[in-house]
Amino acid sequence: MNIAAVRSSFPQHWYDQKALTEALVRLMGLRDRDADRLRSFHANSGIEGRFLVQPLERYTADLDFTVANKVWLQGALDLGERACRDALAAAGVRADEVDAIVFTTVTGLASPSVDARLVTRLGLRPDIKRMPLFGLGCVAGAATIARAADFLRGKPDGVVLVLSVELCSLTLQTKDQSLANLVSVGLFGDGAAAAVVVGEAREAAGPRIAATRSVFYPDTTDVMGWDIGAHGFRIVLSAEVPTVARERVPQDVDAFLGAHGLTRSAIRRWIAHPGGPKVLLGLQEGLGLAQRDLQPSWDCLARAGNLSSASVLMILEQHLRDPACKPGDLGLMLAMGPGFCSELLLLRW
């Protein structure tokens with residue numbers, strides 16, 4: 001199985017991080033110490049700015065979940081269609097050649113799901129197999145590529161279209177002044193990414209998916225996720241995430257690579273989801289990497305913030321566009337998410 005192409009798409013509205021911070025101070029009614037704390041969190045996030053699916057002035061203190069979800073659906077369709085069309089064109093694959101579509105999000109709800117609504121818009125076949133995945137969060141960018149590879153093991157001439165759309169700004173909770181929410185409103189942004197994955201019988205210029213591994217950590221369901229109710233999506237985010245990145249993920253990486261006769265020194269390209277500065281630093285320390293090894297992750301975080309499942313696909317896109325990639329280069333794609341869990345993919349150029 002090979003990753004033939006990846007393309008991302010963003011909303012037209014981009015705002016400087018400082019402008020977003022001051023808008024949030026007003027929307028959340030923060031004063032004095034709380035306002036200063038928010039400014040401090042956001043100033044140290046490593047983020048220069050973020051994309052929003054709607055103009056900043058449309059975000060209000062009483063943003064209704066029903067209204068927000070309608071905006072999410074329209075935005076998901078528009079950004080998703082653009083990302084899919086661009087990825088198919090880059091891969092040289094026609095829409096009617098796609099055998100399956102894997103769609104993921106954790107920032108909105110729709111039934112029929114977004115992938116179903118895109119079948120006609122994209123010109124996909126009526127017999128296409130659809131796999132909408134909800135709830136995987138940040139890990140889903142890597143997990144959807146792995147699930148596409150699972151499908152293609154039984155269909156070597158097949159094509160799978162992977163789509164992630166995350167419009168995190170629409171989950172805004174202005175009345176939640178918890179530490180987790182104050183941190184998250186400074187991290188997450190909006191965007192979409194699509195990938196085309198093809199079977200062994202098809203030629204593709206992108207890297208081969210040599211192996212995959214899923215890891216679930218028992219008794220960690222309260223580490224990350226959503227509290228979903230009439231209020232919409234309220235963040236659940238534990239301070240333990242950087243610790244897991246530093247202490248648990250390296251063990252899993254070593255076990256995964258060791259099963260294939262490899263060590264960390266064999267990896268030329270690290271394609272890591274940028275959960276936030278503390279998570280990236282935790283990965284660097286735990287894996288014994290320098291900042292330059294994760295520079296594409298740092299760059300993605302600075303430009304657009306954490307885009308949940310879409311981020312790692314955008315980082316993969318950067319690697320695919322890098323002319324310095326050489327045949328035989330090995331890459332490790334990794335992400336973590338609610339569960340708590342991680343997903344690992346070994347890629348060979």
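Me: Which residues of helix 10 are buried in this predicted model?

Reply: The buried residues of helix 10 are Pro296, Ser297, Trp298, Cys300, Leu301, Ala302 and Ala304. The model itself is predicted.

Me: Why is helix 10 described as largely enclosed?

Reply: A residue counts as buried when its relative accessible area is under 20%. Seven of the 10 residues of helix 10 are buried, and therefore the rest of the structure largely encloses this helix.

Me: What covers the buried residues of helix 10?

Reply: The cover includes strand 3 (49–52) and strand 11 (269–272), together with helix 9 (277–287) and helix 11.

Me: Where is Asn306 found?

Reply: Asn306 lies in the loop between helix 10 (295–304) and helix 11 (309–321).

Me: Why is Asn306 called buried?

Reply: The cut-off for a buried residue is under 20% relative accessible area. Asn306 has 1% relative accessibility, so Asn306 counts as buried.

Me: What makes the pairing of the side chains of Asn306 and His273 a polar contact?

Reply: Such a contact requires a pair of N or O atoms within 3.5 Å, one able to donate a hydrogen and the other to accept it. The side chains of Asn306 and His273 are joined by a polar contact of 3.4 Å.

Me: Which backbone atom lies 2.9 Å from a polar atom of the side chain of Asn306?

Reply: That atom is the backbone oxygen of Gly275.

Me: Which residues does Asn306 touch, not counting those up to four places away in sequence?

Reply: Among them are Cys138, Cys168, Leu187, Phe188 and Gly189. The list also includes His273, Pro274 and Gly275, as well as Leu301 and Ser311.

Me: How do you know that the radius of gyration of the protein agrees with a compact globule?

Reply: For 349 residues, a compact globule would have a radius of gyration near 20 Å; the protein has 19 Å, and therefore the two agree. Along the principal axes, the C-alpha atoms fill a box of roughly 60 × 45 × 40 Å.

Me: How many helices and strands are there, and what percentage of the residues count as buried?

Reply: The protein has 11 helices and 13 strands. Of its 349 residues, 59% count as buried.

Me: What percentage of contacts between residues at least 6 apart in sequence join residues at least 24 apart?

Reply: The share is 80% of those contacts in the protein.

Conventions. Residues numbered from 1 in each chain as written. Predicted model: local features only at pLDDT ≥ 70, side-chain atom pairs only at ≥ 80, totals over all residues. Heavy atoms only, no water. Helix = DSSP H or I, 4+ residues; strand = E, 2+ residues; numbered from the N terminus. Buried < 20%, exposed > 50% of the residue type's maximum accessible area, 1.4 Å probe, protein only. Contact = heavy atoms within 4.5 Å. Rg over C-alpha atoms; globule rule 2.2 N^0.38 Å.
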